[in-house]
Each structure stands twice: as C-alpha cells, then as structure tokens.
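Student: Could we go through this model together, one question at a time? I'd like the cut-offs spelled out as we go.

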Amino acid sequence: MVDLTAAPDMLRTADGRPLKAALAQAQRKAKWRAFFLVLPLLAFVVLTFIVPILKMLERSVNHDGFSSNAPTLVAWFNDHPATADIPEDAYAALVTDLQQMQKDKTAGAAGTRINYTVPGTISVFKSAAREAEKLQPPYKDALIASNKMWGDPLVWVAMRNASSAYTSDFYMVSADLKRDAAGNLVRVEDNQRIYVYLFVKTFVLSIVITVACLLLAFPIAHLLAVLPMAKSNLLMILVLLPFWTSLLVRTSSWIAILQEQGIINDLMVWIGVFSEDGRVRMIYNQTGTIIVMTHILLPFMVLPLYSVMRVIPPSYARAARSLGATSWTTFRRIYLPQTLPGIAAGSLLVFILAVGYYITPALVGGADGQLISNLISFHMNKANWSMAAALAAILLAAVLLLYWLYDRLIGIDRLKLG
Amino acid sequence: MALPVYASPLERIWYYTFRTLCALIFLFLVAPILIVIPLSFNVEPYFSFTHKMLALDPSGYSLRWYDTLLTLGVNASDDAVRDSTWWGMVWEQATWVKAAKNSLWIGMWATILATVLGTTAALGLSRPEMPYRRLIMALLISPMIVPIIIIGTGLFFFYSSACISPDNWLGWLLSPFLSVKGCLANSHLGIILAHATLGIPFVIITVTATLSGFDQSLIRASASLGANPRTTFFKVIMPLILPGVISGALFAFVTSFDEVVAVLFIAGPEQQTIPRQMWNGIREAISPAILAVATILVIVSIAMLATVELLRRRSERLRGVTPQ
C-alpha cells in the first residue's frame, strides 16, 4: 500500500510511489537476484566441503570406544566422584564390563581408547577380558594380581576421562600433554614429544621454503616486469608451465635428478667433484622435501610479485639515481619498499600452501622430511581416526588464521592465476 | 631494460650476472619438466641417462616403456599379433588404459559441475549489490587454501556415513552412482563431487577476473534494445566472458586430472586413476613406465597452457587491453 497523503512534495515514480521506497525495493530485488545466482554453488560447497570438515571436527572430540563398551563402569563413574583410592565395587563393575567385552569382542576398541592417553593398555584390556570369566572376588586383588597396571591410578584417571564419548583428550595428546595421577595436565617425557616437535618442524621448513621461493622469484619477477611485453610473455610461459604440469610428474622427475644414481650425481662424478663412492643422496630426506617443494611453489611466488612489480613506474628509480643515489641505495630505499605488497602476498600464499603440503613430503621426504600432514595420513592409515582428526583440526585452525590474514592484508579477490 | 650507453663497468658486470642468474632460475623451473622426455625413451630400466643415450646411440633408446603402458595388465602373451582383438583387450584390460578412462570420465564430470556452478556464482559475485560478497568469496575459494589432507580426512568420514539403502526408492534411483553398499565412498560420484569442489576456486577466480573488466552498461544496452535476460546472457555476456570460463574449466580439469590425495582416501579399487597409479608406481617399484606417462602428461599440459595463453590474449584484445 502506498500512502499518497504523507508528504506531497516527496519525489515519486511515474506510478505515484515514493521514489525512496521504490528504489529500496529495486535494490532488495537486485540483491536477491545476485544471491540466487550464488546459492546453488553455496549449497554445493556446504555439502561437499563444509559438512565433511564439520564431521571431521566432530570426530576430533568424539570417541565412544570405551564409553559405549563399558556401561557399568561408566555408570559407576557418574555416581562417584574421583578419589585416590579405587574401591572394590568399581573393580566389580569393570569385571562385569570386561566379561561383556569378551562376548562382544570389543575389548580392543575399549583398550584403544585408553591407549591414546596411557600407552600399552590395549593388550592389558584384551588379556583381562579373556580372563574375566575366571576371576573371583575380591576383584581388586584378582585384577591387580593378573596385571599391576590395573592398580595404576593413571589408568583410572584415563578411564574416568573416557567415560564420556565427548573428550578433549585428542587435543591434549596433540599438544604432547598427559594427565598425572591427580588429573592435572603435565608434559609428556622428552622422548615422547613428537607432535609439538613436528608442528614446529613444519613451520620452520615452510619458512625455509618460503624464503627460498622469495630469493628465486624476486630476480625473475623483476626481469619479467621490466622486459618488453612480447619478450616477458614468452618467458612467462616458462613460469606457467610448471604450474600446469602434474605434481606427480614434477616429483618423479626430481627423483630422477637428485637420487644417488641420478643426473646431478652422475654429472658431479663425471666432472670429478664427487668420487664414485662419494655420491650424495639429495632425495628421500629433508633436503629433497625442501628442493622439490621450492620448485613446486615457486610460480605462486612469481605471479603476485610480477603483478606488483609491473606497475612500479621506472621513473622513481631514475629520479633517485639522478639525485645522486647509488644503485644499491636506489634498490633498497626506492624499489624494494614498493615491491612489499607483492612480497607479502607471495610469501603468505606460499607459506599457507607449504604448511599443509602432503604429496611431495610423502614421496620424497624419507624419514626426516615428513610434515604434519604426513602424520595425519599415518594416523588415518592406522585407523586412529580421532587422533588424525584432532591433528587436522589444529592444522586447519592455523591455515584459516593465515587465510584470514591474507584476506585482510591482500584481499582474496586479488588472487590471480597467470 | 637494455643496458644504457653510460653504464659503468660495474653496472655492466652486474647486468650480465643478473641475466645469467635469471637464466639459471628459469632452468631450475623448466629443466625438471623437460628432462623426463628423453629419459622415458631409455632402453634400460633405469631412471638416469646411460652412456649409450649420452652418445646418442639409437640402440640406447626405445619405446618399450610406452609399450608397457599398453600391455601392463593385459592377459595376452608378449608376442601376440597386434590385431583388432589385441587392441580390444588393451582397451578393456590394460591397467593404464583403464586408469586413463577413469581419470578422463571423472575429470569431465567434475569440470562440467565446477564450471556451470562456478560461472553462475561468479556472475552473482561480480554484481555490486551482492550481499556478504567478501565472506562468500572467501568461503568459495577456501577449498584451494585448506590442505588437501584435511579435505580428504573430512570426506572420508562424511562419505563412509553418507549411505542410502538401495531398498527405498531414492536409494534405488541413486544406486547406479553409488558404491555396492549404497555409499558415496568407493563410488565414482563421490570422487566427482570432491574434484568439482576442488576445481571451483579456479573457475571463480578466472571468471571473476574476466568479469572485473566487464562493462555493466552493455547489459543495460542489450535490455534497452529489447533483449530478455536469456538472450542478453547468451548473446552479450557469454561471448565476452567465454575465454575466462574456458580457462577456468581447463584449470578445474587439470586439478581433477592431477588429484591423488582425495582419491587415496575415498576411492575403491574400481576408481583407479592415472595419478593414483603413478603414486603407487613412485612409492613401490619405480620404473621408467612412470616417465613415459609423465612425458604424455607434460605434452598435454603444454597443449593446455598454450590454449589458455591464446585465450587470454584473445580476451585482452576483445577488452581493449593491448600488449605494449
């Protein structure tokens, strides 16, 4: 309904509606029209991307291996607060559950859940379940006599924490933490700290790769930017070709180049730099990971640098020179600051991609060139799904933080491909 | 950047050092890709150049690894006559041929899905009145940023639970696209959906880039001349953004054609693709047959790159951006 009496001097459309309202309606309509174009894809991405990732996040805090197979003990835990001394009726509940586990063949599943926080408990659960039928009261002494681990307060703390399917234990393990007998978080022994070390190593290696990419990309991006268009387009193809070539192709050719009987070693032996026995292995180790990943990620550094460098007017550098600056000063004070946006965009992109890299380290990383992604894959292969999910969630958080930073600093719509 | 006549000797030295340095970096970029081509013709089962190859002796070269691509997995003796029955067997049984068929099939459907959905969305995203533009754009591009191992892990959990029993009508309708158990895991459809998701960011990026130079008044001009939105789309918008759409489609296809991690996580033995076969080859017994495949793939990627470059130039010409 249009109120025609409200303001007679108001601007109106031809059919007499206030112009403001008509405009607002038209804009709303245009908004919806634009949104409806995006909607199908949005629904698709939610289904094939967001939902799976939410599933994964749910896995990382959910493991019902113990809680669903030990209902009697879970009920006992719910009724009784934690005490240092575990009474006989808790052991009786445990034995009831162990007997049921033996029938359902679920002792392994329950033991696996406890094993994440107290290593070595799978076999304890399995053997106890086998003997559960024969055990006589008092169960406490009988169980401890069969394996003294049943008297270990750590096992009881772990079982209490596993009595709910929802848990933060997997994040705790990912941070190389464990619970002591009183239930407080403490760091695990030095020789068992693998996760934090690997996260740190992934970050350090990614930084090394990013710096290597920057050092290699800067000169060629500069050359591409200052050459005449016809020549630089031709050279650009050399940058884009790796971009279009299969990752596995590039990785396998690097194996051919870097292995002990490979091209570089052959060349070095032929020149006489290496002796026949002194061949150096440059692949299946950390060096291999760094070289191959630098090669693979280099185009992602060159392209943003190039697009920034191309629009830097050469007259600034000329002005600096004419005012008496040396070429080094001109580079440092005039040219380099103007390339900073490109350096930031390229470095951030390469770093983000490097942190989560999987294929190359898996194929050429050997023992010491593995990154956090490879550990996630390892846990997936061992069916340690919740553990893999927790590690993946931490990696995801790190990547999303960097992505947010990228969007803030550079803007995601400035991303270009060639 | 020609060297000026007044350059000092030091500048001259630096100029040539810099050029040499750049040449070496370009060599680092391209040499590893081109080196597989001669290596794939090695007559020996090695991954390196033999003395005969270096001496350019023809007996040091052979096509045996390309032959392996055809014969591996074929149930026929080595000296069988290569008649039409033999070729029929190759088409049906050869491991690499089957992998290639799977890869092409999955790649084709993933590309179609990603291109259609991505182009439509890019049209919406390029409109100035699009609400939450930045947020949605960030979301749609994130499959390119989020590590593939995380996507693979998530898909594994989701697909193994995304099942529908073939007993009810919907399950019966969908059963040809799903695995035997009625799940997305171990099915072609599952991989197609996953690969389409991975290809979408590329379509979005290339098409929005093309649309950023698009003159919106052309749409109004077309409407004022009496064209309905459909005619405007097919006669005005589409011809102008087509180069971007094709580039995006090619990117999406290459992404699918080269994708191995998601396949490792969610595919069954029926969905053997070329990258998966290569992955197994590199991890287990590394033979020059891998290099023969690699050579074919390099040639394919050169062809794709050439297509995209030509399209880009055409698009720049159409939009009036002339190379200097």
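This is a predicted model: local features need pLDDT of at least 70, side-chain atom pairs count only at pLDDT 80 or more; totals for chains, interfaces and linings use all residues.

Student: Is Tyr284(A) buried, exposed or partly exposed?

Tutor: Tyr284(A) sits in the loop between helix H12 (263-271) and helix H13 (286-309) of chain A; helices (H or I, at least four residues) and strands (E, at least two) are DSSP runs, numbered from the N terminus. Its phi is positive, about 65°, although Tyr284(A) is not a glycine. Most residues other than glycine have a negative phi. With 19 other C-beta atoms within 10 Å, Tyr284(A) therefore comes out as partly exposed.

Student: And Lys105(A), buried or exposed?

Tutor: Lys105(A) is in the loop between H3 and helix H4 (107-115) of chain A. Lys105(A) has a positive phi too, about 55°, and is not a glycine. There are 10 C-beta neighbours inside 10 Å, so Lys105(A) counts as exposed.

Student: How are H3(A) and H5(A) oriented to each other?

Tutor: The axes of H3 (residues 88-104) and H5 (residues 121-131) of chain A come within 8 Å and cross at roughly 90°. Axes are lines fitted to C-alpha atoms, for helices over the stretch in contact, with angles from 0 to 180 degrees between N-to-C directions. Under 35 degrees counts as roughly parallel, over 145 as roughly antiparallel, 65 to 115 as roughly perpendicular and the rest as oblique. So H3(A) and H5(A) are roughly perpendicular.

Student: Which residues of H5(A) does H3(A) meet?

Tutor: Contact means C-beta atoms, placed from the backbone, within 7 Å. From H3(A) come Leu98(A), Met101(A) and Gln102(A), and they meet Ala128(A), Ala129(A) and Arg130(A) in H5(A).

Student: How many residues of chain B are in contact with chain A?

Tutor: On the chain A side, 81 residues take part. Helix H1 (residues 9-34) of chain B gives the most to the side of chain B that touches chain A, with 11 residues. That side has 64 nonpolar, 12 polar and 6 charged residues, where Ala, Val, Leu, Ile, Met, Phe, Trp, Tyr, Cys and Pro count as nonpolar, Asp, Glu, Lys and Arg as charged, and the others, Gly among them, as polar. The count for chain B is 82.

Student: What radius of gyration does chain A have?

Tutor: Chain A holds 18 helices and 2 strands, and its C-alpha trace spans about 100 × 95 × 40 Å along the principal axes. A compact globule of 418 residues would be near 22 Å, by the rule of 2.2 Å times the number of residues to the power 0.38, with the radius taken over C-alpha atoms. Chain A has 31 Å.

Student: What about chain B's radius of gyration?

Tutor: Chain B has 15 helices and 0 strands, and 40% of its 324 residues count as buried. A compact globule of 324 residues would be near 20 Å, but chain B has 25 Å.

Conventions. Residues are numbered from 1 along each chain as its sequence is written. Chains are lettered from A and ligands numbered from 1 in the order in which they are written. Two residues are in contact if their C-beta atoms, placed from the backbone, lie within 7 Å. A residue is buried if 20 or more other C-beta atoms lie within 10 Å of its own, exposed if 12 or fewer, and partly exposed in between; C-beta atoms are placed from the backbone.
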